[in-house]
Amino acid sequence: MQILNHADLKPYNTYRIGGTVWKMAFPETREDFVELTKLAEGKPIMIQGGGANMVFNDGLFDALFVNTTKWRGISAVEHEGKAAIALKGGTYLPELVAYVRQQQLANYDFLAGIPGTIGGAVFMNAGAWRHYIEQDVLEVELFDLKSNTFRTLKKDQLTFGYRHQTFVAPGEIVVSTVLDASQLDPEVGDKILDILKTRLSKHPHEPSCGSFFKNPPGNPCGQLIEDCGLKGKQIGGIQVSPKHGNFLVNTGGGTFKDLMTLAKLVQDEVRTQKHLELEPEVWIIEDTKHPRFYQTLPRQPNPSLIAMDAI
C-alpha cells in the first residue's frame, strides 16, 4: 500500500484547492483496508475517492486520508441469474462509461462527463438527465473501520435520496458495487458522445466541483445566479463561470477563502433578489471536526463540564 507523508491535497481534488495532510494511504487489496485503523495511530480518518465533490481548507489536516483510486477494476458477473457488473469502489466513472460503451450496456450514458469514482457516486447518489445511480445499483459492499469487517447490502437494504443515501454509516467505506447489466443499447455510444458534446459546450473547463449549489425545487441554480447578474463575478482566483452560473471555477491560484467568500456572496444575492436559500451540493471540509471524518478515538470530555456535573 502506497503511503504519502505530508501530502499536498491539491492534486487529489478537482478544485485544485487545499492544504496538506498528515498521511495519505492508497489501499490496493482487501488486506490493506484492514490495516487502515492501525495506520491512523488514533488520528481521524477521511475517506476520499476522486475528490470531485469535496472542497478542502488550506493549512494542515492532522489526519489520515484514505484515497481509494488505486482500488479499481470492473468485471462481468451474474447476479440472481441476470447479467451484472462488479466495480471496485475506486473505479473512475469515465472507466465505467468506457466499459459501458464497449459492451453496449443501457442506462449509464448519464454518467458521461462526470468525474469521480463509483464509490463516491453511490455515496452521493450521482445523477444527471433525470437518472440516478440508485436506479442501477443491485448490491453494495462496505468496509467498517470500527470493526475491521466487510458487510454486503442487497438492493432492498439501500435507501437513497437527492444527492445522498442513508446506509453508509460513519467510518464505512464503499468497497465495491454491483450494477445491473441486463439491458443492452446498441446506440449507447452515440448517446454518450451527444452528452459529452453538450457538456463541453455548456460547462466550463477550469477546475471546479461541477455544480456548486443544489437546485431549489423548480429553480435551476445556474439561471437564478445569472438572473442576479453574478456571472463573471470574481474574488481572488475563484470566479462565477461566465459559461454557467452554478460553476464556481478556479481560474488559477484560487484559495479556500476565495471560494467561501464568493459562495457566500452568491447566496446573499440570491436570497436578497429571489428570496431563495441556496445550499451547497459539495462537501465543505474546514477541519477534522467535520462529520465526514471518522474519529478513531472518542473525543475527550470537556473538563469544565465534568466539574459542573460534580457540583
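**View 1. Tyr294 in strand S19 of the predicted model**. Strand S19 spans residues 293-294 and contains Tyr294. Tyr294 counts as buried because its relative accessibility is 15%, under the 20% cut-off. Leaving out residues up to four places away in sequence, Tyr294 touches Pro44, Ile45, Leu145, Lys146, Pro170 and Gly171. Arg16 lies 278 residues from Tyr294 along the chain, and the C-alpha atoms of the two are separated by 23 Å.

**View 2. Lys231 in the loop between helix H6 and strand S15**. The loop runs between helix H6 (221-227) and strand S15 (234-235). Lys231 has a relative accessibility of 28% and so counts as partly exposed. Its side chain reaches the backbone oxygen of Pro242 at 3.1 Å. Besides Pro242, the contacts of Lys231 beyond four places in sequence include Ile225, Glu226, Val240, Ser241, Lys243, His244 and Gly245. The C-alpha atoms of Lys231 and Leu248 are 9.5 Å apart, with a separation of 17 residues along the chain.

**View 3. The largest nonpolar core**. This core has 35 residues, and Leu111, Ile118 and Leu179 touch the most other members. Two or more residues each come from strands S7 (82-88), S10 (137-144) and S14 (172-180), and from helices H3 (93-103), H4 (118-124) and H5 (188-202). Another core, of 22 residues, lies apart from this one; among its members are Val240, Phe256, Leu259 and Val266.

**View 4. Surroundings of Ile118**. Not counting residues up to four places away in sequence, Ile118 touches Leu87, Lys88, Gly89, Thr91, Leu93, Leu96, Ile133, Thr177 and Leu179. Leu179 is, like Ile118, one of the residues that touch the most other members of the largest nonpolar core.

Key: Residues are numbered from 1 along each chain as its sequence is written. This is a predicted model: local features need pLDDT of at least 70, side-chain atom pairs count only at pLDDT 80 or more; totals for chains, interfaces and linings use all residues. Side-chain values use heavy atoms; hydrogens and water are left out. A nonpolar core is a set of buried Ala, Val, Leu, Ile, Met, Phe, Trp, Tyr and Cys residues joined through side-chain atoms within 4.5 Å. Buried means under 20% relative accessible area, exposed over 50%, partly exposed in between (1.4 Å probe, protein chains only). Helices (H or I, at least four residues) and strands (E, at least two) are DSSP runs, numbered from the N terminus. Contact means heavy atoms within 4.5 Å. A polar contact is a pair of N or O atoms within 3.5 Å; within protein, one must be able to donate a hydrogen and the other to accept it, and residues adjacent in sequence count only if both atoms are side-chain atoms.
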